Amino acid sequence: MITSRDNPNIKEIIKLQKSAKQRRDAGLFTVEGVRLCRDAALSGAKINKLVYTKQAMEKYSDDFKLISDSGCEKIEVSADIFLKISDTKSPQGLLCVISMLDKSILVDKIENTGRYVALENISDPSNLGTILRTAEALGLDGIILSEDCCDVYSPKVARGSMGAVFRMKFCIAENFTEFISELTKKGIKTYAATPRDAVSVTELDLKSGMVLIGNEGAGLTDETISACSQRIKIPMGGRAESLNASAAAAILMWELIRSK
């Protein structure tokens, strides 16, 4: 049992929990809690390490066996040490270190009849997690992320997605605007969510294509809007000037799939 914070495994996990750069450099990320660790195992993600307390192993014995049967290294830690590595308020005593996922969508794999959401510079991990969860629930075919979005492998995104991060296809576009422009040229309908010079989504029958959501404060960039085939907006009768990014994404994703 590990009881020291100075242990190399513990130091690594703390860095992975806190740093996107560390996650990228190592090609690893962490998820915590019984449900997410179980989801990782069931999804076929490559689990490198299972970190656990004795109490968790006994309390969640079936889930512990499912996860440990993946062949990962098992590391027992004291309850005090788990509290130090935990990213949650009420830790359950299970944490997995996982290899980054191979779920890339290539431009030539995006189909004209598919339904997708693209996100530019979404900065709030909770918003990104919620969008992933909603996209999976509605049955979208994939998600495109700009490089300046918050880290899709952060613990908060994993929790907010309720495991959808393991199951949804996604890719991170190095040049987001160019990526969208290529799709538009390919004949895929790309719908930029913007209040400026836009058509109400209620006046369109989207059927298929890709809806684009921008940064929580600034929205989509002008360059990305120009690369899209259509500008759309969500009509609002209340006094609020705008919607939360994840709420706007949910409405537009629903419009994409309701005529499916």
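Here are some numbered notes on this predicted model, from its sheet and helices to its cysteines, rings and backbone.

1. **Ground rules.** Because the model is predicted, local features need pLDDT of at least 70 and side-chain atom pairs count only at pLDDT 80 or more, while totals for chains, interfaces and linings use all residues. Residues are numbered from 1 along each chain as its sequence is written, and side-chain values use heavy atoms, leaving out hydrogens and water. Helices (H or I, at least four residues) and strands (E, at least two) are DSSP runs, numbered from the N terminus.

2. You will find four strands in an open sheet with the order 1-4-2-3 and mixed pairing. Its edges are strand 1 (28-32) and strand 3 (73-76), each pairing on one side only. Two strands count as paired if DSSP finds at least two bridges between them. On average, neighbouring strands of this sheet are turned by 20 degrees against each other, direction ignored. Strand 1 and strand 4 (residues 94-99) run antiparallel and are joined by five bridges. Within strand 4, Ile-98 is the residue that stands opposite Phe-29, and Phe-29 returns in point 6 below.

3. **Helices across that sheet.** Helix 3 (residues 34-43) lies across strand 1, strand 2 (47-52) and strand 4, at about 35 degrees to strand 4. Helix 5 (residues 61-68) lies across strand 2, strand 3 and strand 4, and runs at about 150 degrees to strand 2. For these angles, axes are lines fitted to C-alpha atoms, for helices over the stretch in contact, and the values run from 0 to 180 degrees between N-to-C directions. Contact here means heavy atoms within 4.5 Å.

4. **Helix 12 and its surroundings.** Helix 12 (residues 245-257) has 13 residues and reaches 18 Å from its first C-alpha to its last, close to the 18 Å expected at 1.5 Å a residue. That expected span is 1.5 Å times one less than the number of residues. Buried residues (under 20% relative accessible area; exposed is over 50%, partly exposed in between, with a 1.4 Å probe and protein chains only) in this helix include Ala-245, Ala-248, Ala-249, Leu-252 and Leu-256. An α-helix has 3.6 residues a turn, so residues three or four places apart point the same way. The buried residues of helix 12 pack against strand 5 (115-119), helix 7 (125-138), strand 8 (190-193), strand 10 (209-213) and strand 11 (230-233). Among those partners, strand 8 and strand 10 pair in the parallel sense over three bridges, with Ala-192 opposite Leu-212. Strand 8 also runs parallel to strand 11, joined by three bridges, and here Ala-193 stands opposite Ile-232.

5. **Cysteines.** How many disulfides does the structure hold? The count is zero, where a disulfide is a pair of cysteine sulfur atoms within 2.5 Å. The sulfur of Cys-96 has its closest cysteine sulfur in Cys-37, 3.5 Å away and too far for a bond. Cys-96 is buried at 0% relative accessible area. For Cys-149, the closest cysteine sulfur is that of Cys-150 at 6.3 Å, again too far for a bond; Cys-149 is buried too, at 11%.

6. **Aromatic pairs.** A search of the whole structure finds four aromatic pairs. One of them is Phe-29 with Tyr-153: the ring centres are 4.8 Å apart and the planes stand at 50 degrees, so the pair is tilted. It links distant parts of the chain, with Phe-29 in strand 1 and Tyr-153 in the loop between strand 6 (142-146) and helix 8 (155-161), 124 residues apart. Phe-29 is buried at 1% relative accessibility, and Tyr-153 is buried at 7%. The rings of Tyr-52 and Phe-64 have centres 4.8 Å apart and planes at 70 degrees, so that pair is edge-to-face. Tyr-52 sits in strand 2 and Phe-64 in helix 5, 12 residues apart, and both are buried. Rings of Phe, Tyr and Trp (its six-membered ring) pair if their centres lie within 6.5 Å; planes under 30 degrees apart count as stacked, over 60 as edge-to-face and the rest as tilted. Phe-29, Tyr-153, Phe-166 and Phe-170 form one aromatic cluster.

7. **Positive phi.** Met-162, which is not a glycine, has a positive phi near 55 degrees. Met-162 is placed in the loop between helix 8 and helix 9 (164-167) and is partly exposed at 25%. Lys-207, also not a glycine, has a positive phi of about 60 degrees. Lys-207 lies in the loop between strand 9 (199-200) and strand 10, and its 48% relative accessibility counts as partly exposed.
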